[in-house]
Amino acid sequence: MGVKMDKTNRRNVIIVYADDLGFGDLGCYGSHRINTPNLDRLCEEGLKFTNAYATSAVCTPSRYSILTGRYPFRNNRAHILPGNAGCIIERELDTMPRLFQRAGYHTGIVGKWHLGLGDGNSPIDWNREINLTPIDLGFDESFIFPATADRVPCVYVEGRSVMNLDPEDPIEVSYEDECPFDDIPTYHKNPELLKMYSSHGHDMSIVGGIGRIGYMRGGKKAVWKDEELAETFLNRAVRFIEESQGRNQPFFLYYALHQPHVPRVPSARFRGATALGPRGDVIAELDWCVGELINKLKGLDIWENTMIIFSSDNGPVLDDGYVDRAFELNGTHRAAGPLRGGKYSKFDGGTRIPFLVTCPNLVRKGVSHALVSQVDLFASFAHMLGVQLTPDSAVDSQDMYAALIGEDPAGRQELMVEDVSCGKMLRRGNWTYLSPSEGLPYMGNVRIETGLSEDPQLYNMDYDIGQQTNVAWDYEEVVKDMEERLQAIIRSRRTR
Ligand code: NG6
Ligand code: CA
């Protein structure tokens, strides 16, 4: 585990991870209708990737991969989790923050978690210390919300405990279909309390005037205010960075933004910031958060010595279950850029995401077409830090350090991604191969093409970035080969 301690491998590292931000949502990726000046500036100062992928078209599995260096299929619980799920990362598993700890870093997480809390042996008691949180997985400091902005409990968890909990007003959470609490406001019983309507789902508890997934009772003082989420997380991220300055250690921060996931509730300042309604406004707010972060780094004079990776956990969706006029006001904006499909989808819109890497004097400026996966960050950081990985660490992570800093224009030979129902896509060179699977080709509620088909699909991304022309019948050998390769990856042993 030899760690070389020269200045170059003692850089601070920040991963800024957006939630449901699409390949076309940022100015630097072609958006004209949402201004993102801060991310565009970040892009200008670093490297913009055009062929970077999350490992999944939804949140939990992508987050599992980034933090463990494993493809989601290696964990059969890596699916969109309810807010009361046990933690799906085993306590013993090597994690990215542990890697940084081994290299002598101070580590922190701020923002969305969505990987479950508690060891799962008994239901979580939100009124006590939680026995398995990010603190047990390599983060020295942790300030999170448990699942998503649309799932209860709508509270912050700091370290092991719910923040601002009043023992006189204990929190109870249920994900049963029927509400077990007869004294709480619910969507169908108390429509007069709603300030935002559901278009599908989100009709259980009402918290802060918004219908949520799951039922929650109590915890009145602990409940977050949706319009304050962005600033609360930003302040915590800034506080973590400031406090890290007092230490003789570099830091690693995983800053998981909650935007632009539903429900989209910007702070007053960003209400109406764009012509696209709440979805555009929260992207403008997200951009502001990143700008504030950069200003902080510059103010502390550590910008030169900090690497930032900015990305998103999965592709975009307009209507994800609330009536917030995302479709009506979208106009000509293309949230997935030229890609087909979006969140949930096996088409590239589900998993090909914005991916920016900056680090002055290290990362080249410009555009990289290298093929990289978020699962690769783990092994790439190990390289950067000079830390040897053990055979069972980050088994799917490839060392893409040279690609990340702009020295290798090619990156991976191939990578695998999953759609919401765990169907597989293999990208190899210019080919995308979508393995046959049952299911509807279109998700009507979110209006997204799933990419599901009982026929094999093969697209040449060089000529057909929008995946319009299936050439599987013209290249039967390629199809056969790629299907075999997918099966081989799935069967592969869990060692590096
Ligand atoms: C879906 C939710 C959606 C969103 C998603 C998870 C409904 C109808 N839809 O089940 O709103 O919460 O789960 O998103 O409830 S993710 O980005 O965290 O994966
Ligand atoms: Ca997401």
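The model on screen is predicted.

**Stop 1: the calcium ion**

Select ligand 2, the calcium ion, then Asp 19, Asp 20, Asp 313 and Asn 314. Now check the angles. They span 50 to 174 degrees among six donor atoms, and the site is irregular.

Next, look at where the donors sit along the chain. Their spacing reads D-D-x292-D-N. Which loops hold Asp 20 and Asp 313? Asp 20 is in the loop between strand S1 (12-18) and helix H1 (37-44). Asp 313 is in the loop between strand S12 (306-312) and strand S13 (355-358). The pair therefore ties together parts that are 293 residues apart in sequence.

**Stop 2: ligand 1**

Move to ligand 1 and show its surroundings. The shell has 20 residues; Cys 59, Asp 150, Arg 151, Asp 320 and Lys 343 are the closest. Colour the shell by type: six residues are nonpolar, seven polar and seven charged.

Arg 151 places an N or O atom of its side chain 2.8 Å from an oxygen atom of ligand 1. For His 202, a polar side-chain atom is 3.1 Å from a ligand 1 oxygen. For His 114, the separation between a side-chain N or O atom and an oxygen of ligand 1 is 3.4 Å. Ligand 1 on its own would expose 450 Å², and the protein buries 85% of that.

Colour by domain. Domain 1 (14-162 + 224-411) and domain 2 (172-217) both contribute to the shell, so ligand 1 lies between them.

**Stop 3: His 114 backbone**

Stay on His 114 and turn to its backbone. This residue is in the loop between strand S3 (106-112) and S4. Most residues other than glycine have a negative phi, and most peptide bonds are trans.

**Stop 4: two cis peptide bonds**

Select Val 152 and Pro 153. The bond between them is cis, with omega near 0 degrees. Pro 153 belongs to the loop between strand S4 (141-145) and strand S5 (157-158).

Finish at Gln 259 and Pro 260. Here too the peptide bond is cis, with omega about -5 degrees. Pro 260 sits in the loop between strand S11 (251-256) and helix H5 (278-299).

Methods. Residues numbered from 1 in each chain as written. Chains lettered and ligands numbered in written order. Predicted model: local features only at pLDDT ≥ 70, side-chain atom pairs only at ≥ 80, totals over all residues. Heavy atoms only, no water. Near = heavy atom within 4 Å. Polar contact = N/O pair within 3.5 Å; in protein donor to acceptor, adjacent residues only side chain to side chain. Areas by Shrake-Rupley, 256 points an atom, 1.4 Å probe, with all protein chains shown as cover. Nonpolar A, V, L, I, M, F, W, Y, C, P; charged D, E, K, R; others polar. Domains from an automatic or database assignment. Donors = N, O, S within 2.8 Å, 3.2 Å for Na, K, Ca; no water. Tetrahedral: all angles 85-135°; square planar, octahedral: opposite > 155°, others 65-115°. Helix = DSSP H or I, 4+ residues; strand = E, 2+ residues; numbered from the N terminus.
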